[in-house]
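Dear colleague,

I am passing on the structure below, and my notes on its charged side-chain pairs follow it.

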Amino acid sequence: MTPAAAGRPRDPGIDAAVVAATLDVLRAHGYAGFALEAVAARAGTTKASVRRRWTTRQSLVIDALASVLVMPPVPDHGCTRCDLTRSVDLLAEALLDRLPAGVLAPLVADCAHDTELHRRLIDVLVQPSRDAATIAVRRAVDRGDLRADVDPDLLVDLLASVVHQRALFGGAPAGRGAARPLVDLLLQGAAVDFDRLVRVSELPAHAGHHH
């Protein structure tokens, strides 16, 4: 959110109303049909008031999308296959389930020309889920489930690639059904003993973790 202008203190009630109205407009009209006038009307304020709070429409949309996301927990069940599958599910939930459909791709394109906006979009909407997945991968390396030479960031890039592809370009949902085959494919190359990881994931203690 941009800094408040000098003068009267910010009214948090108006801020919240604008964020909620932004989500309503995005859900109703998509990014292509997004207009600050419509947001202001729904929020019961003026376009000028919105502009004083958010100097660009992109920054407003980023804040609105961030408001529906939650800080993802780091999967930690002592089961690498389960934890990595859950990591993919959490990223898919963030980008495919919580965000209004069809908004992320045009927003990314609209922010591409502005390094600061693009960095903020990644930091707010994408990085938290990636960070959680990276920690899960590092734990798997530390406990000897994955090879010591595995690059956690690269492995997370590969895990996230299917979700990003579908979030930006569409396609079949990248939820639980897609996460397990993707994880297994990568684990067959990165695991010290893939068959053992499968057996661990099928133990009763992990029976609820995406088999």
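Which residue forms a salt bridge with R120, and how far apart are the closest N and O atoms? The partner is D63, and the closest N and O atoms of the two are 2.3 Å apart, where a salt bridge is a side-chain nitrogen of Lys or Arg within 4 Å of a carboxyl oxygen of Asp or Glu. This pair links distant parts of the chain, with R120 in helix 7 (residues 115–142) and D63 in helix 4 (residues 57–66), 57 residues apart; helices are DSSP runs of H or I with at least four residues, numbered from the N terminus.

Please bear in mind that this is a predicted model, in which local features need pLDDT of at least 70 and side-chain atom pairs count only at pLDDT 80 or more, while totals for chains, interfaces and linings use all residues. Residues are numbered from 1 along each chain as its sequence is written, and side-chain values use heavy atoms, with hydrogens and water left out.

D63 is buried, at a relative accessible area of 11%, whereas R120 is partly exposed at 25% (buried means under 20% relative accessible area, exposed over 50%, and partly exposed in between, with a 1.4 Å probe and protein chains only).

A second salt bridge joins D76 and R139, at 3.1 Å from N to O. D76 lies in the loop between helix 4 and helix 5 (80–98) and R139 in helix 7, so this pair ties together parts 63 residues apart in sequence.

The search of the whole structure finds twelve salt bridges, including one between R98 and E93 at 3.2 Å, N to O.

Best wishes

Conventions:
Helix = DSSP H or I, 4+ residues; strand = E, 2+ residues; numbered from the N terminus.
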